[in-house]
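Here is a brief report on one protein chain.

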Amino acid sequence: MVVWFFEFIWLFWILTSSETRSTHTRKIQAVGRSAYAGSYGSRTTGFSHGVGQGKPPSIGENLQGEKQNEGKNIQMEFKPKVSSFKSTESATTIARESNGNITAGHREDLPEIYILVLNLATGLKNFSKSTRKQFTSLLSKNLGLHEQSCIILHVFPISLRRIQIELYCEKDMVKAMGSEWEPNVFIPANKMIQTLDSPRMQPFLREFNITAYGIKDTPEIDLAVYQEMWFPVAVVAGVTVILIFLAIVCLLFCRRHLEAKAEEEHRTQQLDPEKLLYPTVDPANNMSASMIQPDAGRMYTITGLQAIGPKPRKWKGSQLSLSDRRGSKASLVLDLNRSSSMELGPSSSAPSILESPTEEKLASKSRPLTCNELEDSVNNPKQLSTEFWEMPMNHPPPEERIPGSSYRNRYPFILPNSRSRVNLPEIPGDTLSRYINANFLKGYESRKEAYIATQGPLSNTVKDFWRMIWHHQCPIIVMITKLKERNETKCERYWPDPTFRMQEKYGDIVVTFDSAIGRDGYQITSLYISDSQSLEAPRRVYHYWYTAWPDHGVPDSPRQFLRLVEEVHVAQAREDVKEGPVVVHCSAGVGRTGCFIAASIGIEQIKKEGLVDILKVVSLMRIERGGMVENESQYELIYNTLHHFWTTRTGSDDDTRDIALEAIFDE
């Protein structure tokens with residue numbers, strides 16, 4: 001664009017300066033004894049020069065010679081026209097009074113043979129009244145006449161830097177006083193042209209930049225004048241339009257290129273197992289490779305760091321030892337005397353069957369905190385960052401992917417862990433009808449199937465989503481995402497929009513809108529669902545839609561988020577709300593979903609025990625569904641939310657109740 005701009009300036013300078021150069025050329029031609037009559041017709045008088053030492057004859061001598069040869073003819077030919085100029089007032093007086101004006105009205109019908117036309121390379125503004133007076137005086141003097149014998153009839157602007165003058169000259173009127181007007185009192189234009197063509201007149205021509213002179217005739221359209229005036233403007237306008245068009249094309253091309261690049265990066269990020277199976281290590285923390293505990297048979301790399309140690313050996317069958325085949329030398333512990341569940345609470349214990357080294361490491365994580373210790377942790381984000389990055393994500397390996405289920409997963413490497421995956425009732429003839437990308441999560445004190453963490457429904461999984469709600473009798477749905485963020489679809493709308501329809505049918509499940517109430521940062525909607533293939537009565541489902549989560553990062557204040565968690569607890573405690581897992585989803589079902597479930601479990605632990613173990617809560621969630629709580633900013637939000645709850649609670653469980661909230665639960 002910069003190059004185009006300078007090319008445009010260069011072209012504009014050439015076009016504007018061409019007029020000056022052409023004027024200068026014509027000036028040289030006129031001064032160099034090559035004056036021309038231009039477009040003044042076929043009656044243009046040729047140029048003849050005086051003889052005898054290069055001195056031209058004066059106007060008086062010319063007139064005397066003409067009088068002997070053709071004076072009578074001139075009198076006879078033009079006498080009828082000239083006789084019409086008789087006036088009671090002196091012609092010289094009238095002419096001199098009008099000298100310097102653009103038009104002298106009393107000479108409009110003067111025969112063209114007496115009118116001399118001159119082109120001057122000067123602007124109309126520069127040809128002022130004083131300049132005109134000086135011009136006529138010098139011209140009269142150089143023609144050998146009285147000082148004010150030449151009278152200007154018209155001054156026409158040809159262009160911004162050129163004008164055309166029409167004038168006539170007359171003899172000394174002293175000799176003609178008291179007698180009739182005679183034709184020979186006006187000087188013929190051809191006589192004046194002969195004088196102007198002489199070397200003696202060159203200083204005068206140069207002084208006033210006279211480029212052409214001749215006898216007046218009806219001018220035709222001068223193409224050169226047209227090109228001089230309008231061609232540069234047309235060229236500049238055309239070039240400007242072309243440059244604007246090219247600039248628009250370039251901007252559109254660049255925009256398309258950037259969009260394609262962003263789309264390619266997004267696709268690469270989705271298909272890159274390193275970025276999805278394990279988070280990128282914070283470069284501020286120099287973490288050793290021993291901090292990462294890989295799953296059995298899987299390899300993890302840290303982005304930005306080179307692999308340390310020998311390359312992995314290829315499978316050689318029976319040549320490998322059992323520990324090599326397991327991928328770890330950690331012992332496999334089977335304790336049949338202890339409960340097989342992993343609990344969180346006063347009676348919590350380690351899991352009895354640990355399926356992989358990753359789960360061993362997650363199960364061992366624990367850091368109980370009092371209120372003061374929690375406050376210290378909130379004020380120490382570096383410690384929280386280190387604590388977060390030491391927890392493995394525990395994403396399931398690709399080999400656990402169910403064949404044919406790819407189109408039912410929003411993100412290709414966010415898969416449900418097989419040990420806690422939610423199963424749906426099988427539909428005859430559909431082998432994948434039991435699959436949905438969702439996991440059961442335990443609650444406080446190892447309460448089984450307290451939560452269901454799932455992805456935001458796709459257009460082709462909305463029916464499966466409602467089958468899950470109906471089959472597992474889920475009374476509450478918590479949605480922590482907008483339908484679209486950054487022009488990307490995060491979740492399909494899976495419940496009726498009362499603006500258009502109050503009821504929608506998704507497969508066999510009929511969903512009916514009942515009522516809605518707006519809260520600070522979220523909305524509560526009451527829905528009724530029923531199975532069209534069942535005689536069972538409709539069930540009530542409460543839908544909490546949190547919309548205050550920003551597109552980037554986490555909420556600045558945990559107040560709204562904490563209010564949402566507390567109101568869900570209030571809804572769960574109601575007698576008319578059936579017991580069943582609380583369904584929580586965002587877009588992928590791991591990041592914001594993990595924040596909500598961890599905060600919910602942490603609040604219960606604070607109420608029951610007077611302490612909280614956020615590290616253990618998140619670690620146990622990752623055993624059930626890999627990748628819960630995606631980044632350290634979300635991990636810090638959990639600490640801030642629970643600290644805000646602990647420091648602002650009043651000890652009453654009814655703080656969150658109000659009239660508006662009670663109204664939505666009324667039948």
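## A strand pair

Strands S2 and S3 (residues 162-169) run antiparallel and are joined by 8 bridges. Cys 150 has Cys 169 in S3 as its bridge partner. Two strands count as paired if DSSP finds at least two bridges between them. Strands are DSSP runs (E, at least two residues) and helices likewise (H or I, at least four), numbered from the N terminus.

The model is predicted: local features need pLDDT of at least 70, side-chain atom pairs count only at pLDDT 80 or more, and totals for chains, interfaces and linings use all residues. Residues are numbered from 1 along each chain as its sequence is written, and side-chain values use heavy atoms, without hydrogens or water.

## The sheet

The order S2-S3-S1-S4 describes an open sheet of 4 strands with antiparallel pairing. S2 (150-159) and S4 (210-215) are the edge strands; each has a single partner strand, so one side of each lacks a neighbour in the sheet. From one strand to the next, the twist averages 20 degrees.

## Helices across it

Helix H5 (residues 129-142) lies across S1 (116-120), S2, S3 and S4, at about 125 degrees to S2. Helix H6 (residues 189-196) lies across S1, S3 and S4, at about 150 degrees to S4. Angles run from 0 to 180 degrees between N-to-C directions, with axes fitted to C-alpha atoms, for helices over the stretch in contact. Contact means heavy atoms within 4.5 Å.

## The whole chain

The protein chain holds 19 helices and 14 strands. Of its 667 residues, 46% are buried (under 20% relative accessible area, 1.4 Å probe, protein chains only).

Methods. Buried < 20%, exposed > 50% of the residue type's maximum accessible area, 1.4 Å probe, protein only.
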